[in-house]
Amino acid sequence: MSIRKETSVKIVVTCAVTEAHKKLLEKIAPGHTFVYVGDSIEGTGLSIPVERDVINDADVIIGNADPHLLKQAEKLKWLQLNSAGVGSYVDVVGKDVLLTNATGAYGVAVAEHMAAQLLMMMKRLPAYYDNQKVERWHDEGPVQSVFGAKVLVVGYGDIGATFGRILKGMGARITAVRRRLTKGLDGADAVATLDDLDSLLPQAQVVACVLPDTPETAGLFTKERLGKMKKHSWFINAGRGNVVDSDALCDAVATGRLAGAALDVTEPEPLPQGHRLWHTPGIYITPHVSGGLHLEYTHNRIIQIAARNLELFLAGKALEHEVDRQSGYGK
Ligand SMILES: NC(=O)C1=CN([C@@H]2O[C@H](COP(=O)(O)OP(=O)(O)OC[C@H]3O[C@@H](n4cnc5c(N)ncnc54)[C@H](O)[C@@H]3O)[C@@H](O)[C@H]2O)C=CC1
Ligand SMILES: O=C(O)C(=O)[C@H](O)COP(=O)(O)O
């Protein structure tokens, strides 16, 4: 796509921002028009609902504006998502519009969350917390360790590699599964692709999935694949919920074939009342919060990524974190 130097643009920011974030963005683009859709991060998610007419004449949008409204943004030249996940934006945003995501913002927050969930399960912490509530002093039995464990990280990008490095620091042996083998090991002991998945699953004590939602990854963890996992191993998913067959996961945990599973993402979201995932003992759910704005570092990184790209955009240079329209995630 040809890029030209921009002289006067309207930048609509739909992502929550602080005063410091505004200053950072405005310093990069003096003389350009900024419209902030929301001032407060209190009580909001990452994206704030946007009125249709606000984005109609936007040249640039920073934030995950409602995909349905984006169709109306006829002047749009560039959409900077505040999420790493791209989802339906690849289909909604025309090919003549630059599309970038915020991969690189979430590694710390999501990887720490996943590590916490894994240790929580391995050390039986939920049972001890339940006992505490009824003042019960009781030994819950054998625990497991990350030390020496074979950990398969499926989706070894920003989040996956951060998780891999955390666990490697604790003595785990990491096998990374990524789309291409060309990027080097990045903290992993071995690197593989999805072609190797079926042969790797029976070897791992932990399978941690942080894949983007793409046509290739949807439904990847079928009943058969979950059945290939080592007996009494652990499953974690913080990528997207549609990557795994929830019913088959519930069966695998309920029957004790898997030791447990921790999910920060489900299909659908929010998870409806009465869904099996809520009630299967050994499955631990957090409601897609690991990468939210609760960690200031993540929020700052999202805005820094947007600010760097704004600088590049105004200078007519190629942007970072451009979404690959074919694969459906970052290039
Ligand atoms: N739970 C949460 O709050 C959050 C979840 N996410 C999810 O995590 C995903 C990953 O985020 P990042 O690590 O920032 O992205 P990234 O682009 O840095 O990493 C994606 C990784 O997945 C691999 N991958 C993609 N397609 C593949 C395929 N077909 N086979 C094998 N590997 C494949 C890539 O090689 C890459 O290593 C996002 O797309 C999003 O869905 C992201 C942020 C927060
Ligand atoms: O970046 C992503 O992908 C996420 O999953 C983050 O949690 C933010 O996602 P949205 O809530 O903005 O979809």
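1. Helices (H or I, at least four residues) and strands (E, at least two) are here DSSP runs, numbered from the N terminus. The model is a predicted one, in which local features need pLDDT of at least 70 and side-chain atom pairs count only at pLDDT 80 or more, while totals for chains, interfaces and linings use all residues. Residues are numbered from 1 along each chain as its sequence is written, chains are lettered from A and ligands numbered from 1 in the order in which they are written, and side-chain values use heavy atoms, with hydrogens and water left out.

2. Two cis peptide bonds deserve attention. One joins E267 and P268, with omega about 0°, and P268 is placed in the loop between β11 (260–263) and α11 (276–279). The other runs from E269 to P270, with omega near -10°; P270 also lies in the loop between β11 and α11. Most residues other than glycine have a negative phi, and most peptide bonds are trans.

3. H288 is not a glycine, yet has a positive phi of about 50°. H288 belongs to the loop between β12 (283–285) and α12 (296–314). An N or O atom in the side chain of H288 is 2.6 Å from an oxygen atom of ligand 2.

4. A backbone N or O atom of G85 lies 2.7 Å from an oxygen atom of the ligand, and a polar side-chain atom of R240 lies 2.7 Å from an oxygen atom of ligand 2. Taken alone, ligand 2 exposes 340 Å², of which the protein buries 73% (accessible areas by the Shrake-Rupley method with a 1.4 Å probe).

5. The UniProt annotation "domain: D-isomer specific 2-hydroxyacid dehydrogenase NAD-binding", from an unreviewed entry, covers residues 116–290. Over residues 116–290 the chain is 29% helix and 16% strand, with the end C-alpha atoms 11 Å apart. UniProt annotations may be inferred rather than shown by experiment.

Definitions and conventions: A polar contact is a pair of N or O atoms within 3.5 Å; within protein, one must be able to donate a hydrogen and the other to accept it, and residues adjacent in sequence count only if both atoms are side-chain atoms.
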